Amino acid sequence: MRDLAILFCRPGPGSTLEDTFELEADAVDALGIEAHVLNVDLVLDGEAERAVRRIPRDVGPLLYRGPILTAEEYEALYEAAIERGGELVVDPHAYEHALYVPEHHEAIRDLAAPTRWTYGTDVDEAWEAACELGDPPWLLKDHVKSAKEAWEEACFVPPGADRAEFARVAEALVDLRAERFERGFVIRKFLDLATSSARTQERRIPEEHRLFFWEGELVAHAAYHPVSDPLADVSAFRPIGARIDSPFFTADVAFLSEGGWIVVEINDGGVSGLPEHLDPRELYERICA
């Protein structure tokens, strides 16, 4: 069997996307790991078959590293790679399972905040689902991604919010996510997290950590924000690896202000960014060992 190669999907010339994989590509090259690059803009434009022409034929197993794709875009890339003689080691089912909240929530329900979701953009339906969680505060996102960069505008529903305030936040989320809004609303009960010493204008930065799992094993981790100390003991988090039906995924975990911890997010590993203090060589050495 061929060794695993990394498939970096990076923006092409003139793209409006940010290229966040240069450091990783350099690390992979320094480690002598085979890597290939394709133009992710072609994939996003529905031209996956054209995009994979840059991959050598019969390349073997490939690990995707690139921006978030919809389940349909990823499946198109997977099928195009198969036609080329390559195979993404995270198949479309595993990708969707890790990326979309309704697909994996049951597997981590006891570790996560109380959660409800809807399909579509009906705000009344989303409001009814949110009310099942009790009174606000709540957090809003779509099935894949939040707009936490617009915390007060399109993510956080404050205590005492009524239906009109909820609708304002929900509609702002749909507008900000635009054509990348994924499937429907996810509403989570807001829990008080332990915070670091840093803050933005809108909120304090929580003590959050990103864990990378490969083939069920925890292979790398780092504080999500560079202001937090690294985890001294990860033993409590290792069992998460057996809960998600994917060979490569991430779990973002955070400590609660009252004690204990929760899983904040699960994501596909191929689309998860590396925290600032995580050396990419550490991750790729473990994956490609």
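**Exercise 1. Determine how strand S5 is joined to strand S8, and which residue in S8 is the bridge partner of Trp117.**

Solution. Strand S5 (residues 115-117) is joined to S8 by 3 bridges, and the two run antiparallel. Strands here are DSSP runs of E with at least two residues, helices are runs of H or I with at least four residues, and both are numbered from the N terminus. Two strands pair if DSSP finds at least two bridges between them. In S8, Trp117 has Val186 as its bridge partner.

The model is predicted: local features need pLDDT of at least 70, side-chain atom pairs count only at pLDDT 80 or more, and totals for chains, interfaces and linings use all residues. Residues are numbered from 1 along each chain as its sequence is written, and side-chain values use heavy atoms, with hydrogens and water left out.

**Exercise 2. Give the strand order of the open sheet formed by 4 strands, and identify the strands at its edges.**

Solution. The order is S2-S1-S3-S4, and the pairing is parallel. Strand S2 (35-39) and strand S4 (86-88) stand at the edges; each has a single partner strand, so one side of each lacks a neighbour in the sheet. Strand S3 (residues 60-65) pairs with S4 in the parallel sense over 3 bridges. Pro61 stands opposite Glu87 in S4. Helix H4 (residues 71-84) packs on the sheet and touches strand S1 (5-10), S2, S3 and S4, where contact means heavy atoms within 4.5 Å.

**Exercise 3. Describe how H4 and H5 pack, including the angle and the distance between their axes.**

Solution. H4 and helix H5 (residues 92-99) pack at an angle of about 155°, with axes 9 Å apart. Axes are lines fitted to C-alpha atoms, for helices over the stretch in contact, and angles run from 0 to 180 degrees between N-to-C directions. The two helices are therefore roughly antiparallel to each other, a term for angles over 145 degrees. Ala71, Tyr74, Glu75 and Tyr78 in H4 meet Pro92, Tyr95 and Glu96 in H5.

Key:
Parallel < 35°, antiparallel > 145°, perpendicular 65-115°, else oblique.
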